[in-house]
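Please examine the sequence and the three-dimensional structure shown here.

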Amino acid sequence: MNVFFDAERLKFFRPLSSSRRELVSACLRALFERLHGPAADYAHNLNRDALKELISPVVRDYQSALDTEADQDEFNTAEAGDPQQLTATVIRALLRDGWLEQYPDRNGLVTVFRFSRPGKLFAEAFWALHRPSRSRQRNMRGCRNALEAALSERGDAHDLVDAYEYAEKVIEDLTDGIDYLQERIRHLMQEATVHSQWDDFVEFLDRFQRDYSKQLTADSATLNRQVIRQKIELLRVSLDNQKYKRVEEQLQDIAQWAVKEHTGPSVFEWLLDRIDDIVNAACDTKQPTFVRAMDTYIRRITGLVQQSMMLRTGQNRYAYLNVISKLAERDKTGQDKLLQAIGEQISCVEVRLLDPSSFKLRSATQRRKAATISIQPRASRAARLESFMKRAESEAFAVANEELASKLRGDLRLFQHPIRLSSLPPETARDLISNMQAVEAVRNTKGRDLTATRLPGRVENEFYSGYDYEFDFKRDL
């Protein structure tokens, strides 16, 4: 059993529960930016002097961020008022509790500092929370392109693993967006004032233009799902046995995590199913939730702005009544002074009245013409017949997936054994279309109780040729 809180990590989170936890988190962000950020200086190690020089400005900026209700600790003693002493205290605490570690630099013959492995992981979380998103919102398109690369002649298992990772990032991006908007909504309900929320709304507009607009258009899960499904289906049916075995062997070698997690006889098939499930979850669950959260936030902020405008309008409306009441309370000299002050304030106001002759009523002919235009034209018999024929032609060779799945369930219960695609006779045109669509119907059925397993043999007849499949009820492992 792996134990996290052991040895030097026994009180790993003690600095983050101290009286200066905001200072500690800021120091962790600065350290991560210096050691592992985009502008990290990998040419020079972080020795003690460089560490003090890095943390000292952060200590001066956050020295006043003290939790007065916290218990007495090393961060709120009398010596902690000195920035140099407080800097040394922060470094000592991070070393003692397992965030930083020392190691010898043989080139410079000095002791240098670096993050411990858990310290780096947790510090990255603090750093990422304050770092603007740099995603180009191409994960959905990246998944589609990786599947396309896997279909090419030079495609291999790495392309398939890339597609899986892109699909996972789609869910991560949508989840981050949902969490961000829900946090904005909670903050909006706690501090319901326009002035305190305006900066957050401007930040949301910037993020929408930079990220969310692409996430809902070019990189939308809804727009790309059908293409990804088609490519997944092509990978299932179009790979020859040699490439299929090669990809399967590569996956066994490079994707050990998939080998441990997969169910069924093939890692390749499991990975394709997982990509399909993730994309479906992004389209059916995450993206609608993301859109609803965005709609809720916009409606709340819009309602707050409207309420503020109404209150301001009411204040202007009742200003005249306030002036009249103040005039009634003063003598003639006070009234003259007040009216003179008000006159100086409104002297720049310019009042214009509309010319009544510019308003003209519509004539009866114009009203009848407008009513005639607003009535939708009635379709002719020929147009209705043409529309009916087009619909009949498009539905002539369409078979519902659920209908095919129900028929296969009945046959499996009747015969009490698996059914092969090659055993289904194409006696009519409808039977032929049903056989060609059977694999898709089984994999997209709502019940998820059927399986389609590809067999080594092929189906060859005068209508089509392809891999043979075996249909059966899904068995619980």
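The following paragraphs lead through the structure step by step.

This is a predicted model, in which local features need pLDDT of at least 70, side-chain atom pairs count only at pLDDT 80 or more, and totals for chains, interfaces and linings use all residues. Residues are numbered from 1 along each chain as its sequence is written, and side-chain values use heavy atoms, with hydrogens and water left out.

Of its 477 residues, 34% are buried. Here buried means under 20% relative accessible area, exposed means over 50%, and partly exposed lies in between, with a 1.4 Å probe and protein chains only. Contact means heavy atoms within 4.5 Å. Among contacts between residues at least 6 apart in sequence, 67% join residues at least 24 apart.

The interior can be considered next. A nonpolar core is a set of buried Ala, Val, Leu, Ile, Met, Phe, Trp, Tyr and Cys residues joined through side-chain atoms within 4.5 Å. The largest such core has 48 residues, and Leu 147, Leu 251 and Phe 268 have the most contacts inside it. Helices α5 (139-151), α6 (157-190), α7 (194-215), α8 (221-238), α9 (241-254) and α11 (267-329) each supply at least two residues of this core. The greatest contribution, 16 residues, comes from α11. Leaving aside neighbours within four places in sequence, Phe 268 is in contact with Leu 160, Leu 235, Leu 239, Tyr 244, Val 247, Glu 248 and Leu 251. A second, separate core of 29 residues includes Ala 26, Val 58, Val 90 and Phe 113.

Charged side chains form a further part of the picture. Side chains of opposite charge can pair when their charged atoms come close. A salt bridge is a side-chain nitrogen of Lys or Arg within 4 Å of a carboxyl oxygen of Asp or Glu, and a search of the whole structure finds 17 of them. In one of these, the closest N and O atoms of Arg 14 and Asp 97 are 2.7 Å apart. This pair links distant parts of the chain, 83 residues apart: Arg 14 is in the segment before α1 (21-36), and Asp 97 is in the loop between α3 (83-96) and β2 (100-105). Arg 14 is partly exposed at 33% relative accessible area, whereas Asp 97 is buried at 2%.

Another salt bridge joins Arg 229 and Asp 276, with closest N and O atoms 4.0 Å apart. Arg 229 lies in helix α8 and Asp 276 in helix α11, 47 residues apart. A network of salt bridges also links Glu 233, Arg 236, Glu 269, Asp 273 and Arg 443.

Arg 454 is buried yet has no salt bridge, and the nearest side chain of opposite charge, Glu 269, is 4.7 Å away; Lys and Arg count as positive and Asp and Glu as negative, while His and the chain ends are not counted. A polar atom of the Arg 454 side chain does lie 2.5 Å from the backbone oxygen of Arg 236.

Technical notes
Helices (H or I, at least four residues) and strands (E, at least two) are DSSP runs, numbered from the N terminus. A polar contact is a pair of N or O atoms within 3.5 Å; within protein, one must be able to donate a hydrogen and the other to accept it, and residues adjacent in sequence count only if both atoms are side-chain atoms.
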